[in-house]
Structure formats: C-alpha cells, structure tokens
Amino acid sequence: MSRLVYVNGDFVAEEDAKISVFDRGFLFADAVYEVSTVLDGKLIDNNAHLRRLSRSLSELSMAAPCSDEELVAAQHKLVELNGVDQGLLYLQVSRGVADRDFFYPSHNDSSLVMFTQKKSLLDNPKVLTGLRIISVPDIRWQRRDIKTVGLLAPCMSKQAAIDANADDAWMVEDGYVTEGTSNNAYIVTADNKIKTRHLGNEILSGITRTAVLKFAREANYEVVEEPFTLKEVESAQEAFITSASLFVMPVVNVDGKDIGSGKPGPVSLEMRKIYIETARERADL
Ligand code: PMP
C-alpha cells in the first residue's frame, strides 16, 4: 500500500505527488527541513522542531508556508492517515517555484511537503553493539546552524564511513570535532563529565541535544559545552551521539580505536533510557 504524502495543502498518494523542476529546493537546495520522531503515534518534541524551523526560515528570509496551527494539524492528519505508530515525519519548506535565477523571487509562495517513514526506532540493534565511527574533514558550509537540505557533504561522509566498514562519521574542523554527519557528538571524560561542542554557526542545535543536556544536568552530571579533539576522544571513557531518530546512541570505536571498554557505556545507556522515557511521557499528539 502506498503512503499518503502532503504537498501544499493536499494529501495524495506518493506516486501522484509532484514538485516542479523549477522549485528552488531542487535547483539551489534553497529549502529547509525538520525530522520529528513519532512514538506511540505521537510526535516527540514537535514544538521545539517548529521553533527551529521558524528560525531557519527567518535566517534565510523565507516565508512560512502556513501558520503553525495549520502545519501541526496537517502533521497530525498525515501521521493518522498513514497509521504511523513508530517512525519519522519529514517536512520540507522550499522557497517555491520561480524561473531559475539566483536572486530570491519577489513572491512569498513557499512550498511545503511532508511524508512519514515507518521505522522501528526503539529496538535499534545498534544499541547493543554501539557505533563504529570514522573521522572526516568537515567540508560543509559555514551556516550549519540553519537546517538546509544542502546535505551532499554529510552524504559523502556517511558513504565514506560505510566504505570503511564503519557506521557513521564525525566531522573535524581546525582540530576539533564539530558534530556527526546527522547527529550531535559527545564524549564522557575520564572524570565523568559529559562534553559536547558549544552552539554556534558550526553545528546544528539539535533538539535531542537540548533535551539530553537538560536531563544530564538534572541527573547531576557536569556538562561541559566546549569543543573536543580526537586526542580527547581516545582518552574518553565513553562516547555517544544524539538525534531525533537515534535518540542517544553509544559510540564504541573511533578511527579503529576502542573508546573505554569498547562496549556501550553506562552513561550513554542511562541517558538513552531517561530520554526515551521522558519523550514518551511528554509526546504531544
Ligand atoms: N547535527 C546535524 C548535522 C543533523 O543533521 C542533525 C539531525 N538533523 C542533528 C545534529 C541532530 O538534531 P536533532 O536532535 O534535532 O535530530
């Protein structure tokens, strides 16, 4: 059975969903996106995703496609129509259709498309083994705080990881880890501090990051928001990543070197448990 997807106000079968070849998202990657998690048929931290969407739009002077209320109603309807119990809801806003030219068009006709992906997220087998990571140079543009669909650099980095028999990559700039290809990166230092890079234009402000750092502080961990080097990764007792779809996922090996015991660590697993429990309690559909 085919999915129903959302295209500018209509819910249509995926094979009938069409976007113009003149859409600026297609021609210039002039589009931003959000991925919200669905657990128990409910959206996780959706308000925070919509706030970040609104910020991305404003940084690019792109009009919102509709009001937040209309957007949320359409999100809920799409999840319901597709009977999604567990999975992802992807939404993308592009600057819309205009004859190809670099300047922003004068109209404000943003385009909005959304689709769901059913996926087993809670029982991810990688939680048991942890992830193997390679480091790669961060070749992305300088406004990584804006969640644009210009994702070729992360695609290249993830492919390099797969080619090296690893699971994912951490990107490194000026000697410091910025973040994962589609997630934020953390280490647990030898003295039990949770360290992750500070916010800025160099990384995306992850919605999961905000939640996990809050829970970590509430659980009396010392959180240090500072850049860290690969040398520090080597001497860390644990490492992990966070994202909407992976929650908190342990990292056990970076560039062929085991982190700590080489097994998923207790801090990572504790943070995963707290995050998932709290997210389910506060789900807002
Ligand atoms: N950094 C990057 C580069 C990402 O693409 C993502 C996921 N979209 C994240 C971090 C994690 O963000 P979130 O927790 O909001 O999924």
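Which ligand atom is 2.6 Å from an N or O atom in the side chain of glutamate 179?

1. A nitrogen atom of the ligand lies 2.6 Å from a side-chain N or O atom of glutamate 179. That is a polar contact, a pair of N or O atoms within 3.5 Å.

2. Cover. The ligand on its own has 390 Å² of accessible area, and the protein covers 92% of this (Shrake-Rupley method, 1.4 Å probe).

3. Basis. This is a predicted model: local features need pLDDT of at least 70, side-chain atom pairs count only at pLDDT 80 or more, and totals for chains, interfaces and linings use all residues. Residues are numbered from 1 along each chain as its sequence is written, and side-chain values use heavy atoms, without hydrogens and water.

4. Shell. There are 17 residues around the ligand (one heavy atom within 4 Å). Arg52, Lys147, Glu179, Ile207 and Thr208 come nearest. The shell has four nonpolar, nine polar and four charged residues, with Gly counted as polar and Asp, Glu, Lys and Arg as charged.

5. Origin. Domain 1 (4-118) and domain 2 (126-281) each give the shell at least three residues. These bounds come from an automatic or database domain assignment.

Methods: Polar contact = N/O pair within 3.5 Å; in protein donor to acceptor, adjacent residues only side chain to side chain.
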